[in-house]
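Please keep the sequence and model in view while reading.

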Amino acid sequence: MKNIFLCMITIGLCVTMMAEAQEFDKSLASAKLAYNSGNLEDARFNLENALREIDAAIGREILKVLPTSLGGLNSDSKNDQVTGMSGGLTGGLYVQRNYGNQDKSATIDIISDSPLMAGVNAILAMPMIMNSGDSNQKVVKVQGYKSLLTREVDENNQTSGYQLQTPFGSSLLTLDYNGAISEADLLKIANTLPLEKIITLAQ
């Protein structure tokens, strides 16, 4: 029974990959046809579709290396998000995985060409003696990468969570943690993420 179940899963994955490859091939063929006929607008449209397929495939590979548990919070992998957005306003890929429950939760987002990159990099580029003017923000290093750590507070100015933003290349990884946690424990979690694998896949 177990072998039949595994066989069905394998067949399902193969069918999905074949369908995705067919969409990619179809977009490329349509782009070439449009280009040869002088319809450059359609050629560009179809090439953007092909790039979206590539971005989505990269996103699915990144999901495979993301942890299934984060600081004791289990992932909600059925709600994983992966999208190729080439040709859009932001461009590139978008990957999201959620962890936890209503009381305590975390989210990992990876976005290439994120519109937040300029602001985050500007703060990270400031000399250590300066700061962003926000007492809840500080620059930290995660696995050797400069990151922006923001403490989130409730109406009583008590820590309600943290947001950690780590830029690499033209992409931004954001770890959002909602719930009681110390800064040290948040950084401990961040240092368990497979950053090098994610960066290799995303770039």
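A residue counts as buried under 20% relative accessible area and as exposed over 50%, with partly exposed in between. By that scale Glu-183, at 26%, is partly exposed. The model is predicted.

**Salt bridge within a helix**

- Glu-61 and Lys-64 join their side chains in a salt bridge, with 2.9 Å from N to O.
- Helix α2 (residues 40-65) holds both Glu-61 and Lys-64. They sit 3 residues apart, about one turn of the helix.
- Glu-61 has a relative accessible area of 35%, so it is partly exposed.
- Lys-64 reaches 62%, over the 50% cut-off, and therefore counts as exposed.

**Salt bridge between a loop and a strand**

- Asp-80 and Arg-97 form a salt bridge through their side chains, at 2.7 Å from N to O.
- This pair links distant parts of the chain, 17 residues apart. Asp-80 belongs to the loop between β2 (73-74) and β3 (81-84), and Arg-97 to strand β4 (residues 93-100).
- Is Arg-97 buried or exposed? Arg-97 counts as buried, because its relative accessibility of 6% is under 20%.

**Salt bridge between a helix and a strand**

- The side chains of Glu-183 and Lys-138 make a salt bridge of 3.0 Å, N to O.
- Glu-183 lies in helix α4 (residues 183-190), whereas Lys-138 lies in strand β6 (residues 137-142), so the pair ties together parts 45 residues apart in sequence.
- Glu-183 is partly exposed at 26% relative accessible area. Lys-138 is also partly exposed, at 38%.

**The sheet**

- An open sheet is built from 7 strands, and the pairing is antiparallel. The strand order is β3-β4-β5-β9-β8-β7-β6.
- Which strands stand at the edges? They are β3 and β6. Each has a single partner strand, so one side of each lacks a neighbour in the sheet.
- On average, neighbouring strands of this sheet are turned by 15° against each other, direction ignored.

**The β5-β9 pair**

- Strand β5 (residues 105-112) pairs with strand β9 (residues 171-178) in the antiparallel sense. Their pairing runs over 8 bridges.
- Ile-110 stands opposite Leu-173, a residue of β9.
- In general, strands of a sheet pair through backbone hydrogen bonds, either parallel or antiparallel.

Definitions and conventions
Residues are numbered from 1 along each chain as its sequence is written. This is a predicted model: local features need pLDDT of at least 70, side-chain atom pairs count only at pLDDT 80 or more; totals for chains, interfaces and linings use all residues. Side-chain values use heavy atoms; hydrogens and water are left out. A salt bridge is a side-chain nitrogen of Lys or Arg within 4 Å of a carboxyl oxygen of Asp or Glu. Helices (H or I, at least four residues) and strands (E, at least two) are DSSP runs, numbered from the N terminus. Buried means under 20% relative accessible area, exposed over 50%, partly exposed in between (1.4 Å probe, protein chains only). Two strands pair if DSSP finds at least two bridges between them. Axes are lines fitted to C-alpha atoms, for helices over the stretch in contact, and angles run from 0 to 180 degrees between N-to-C directions.
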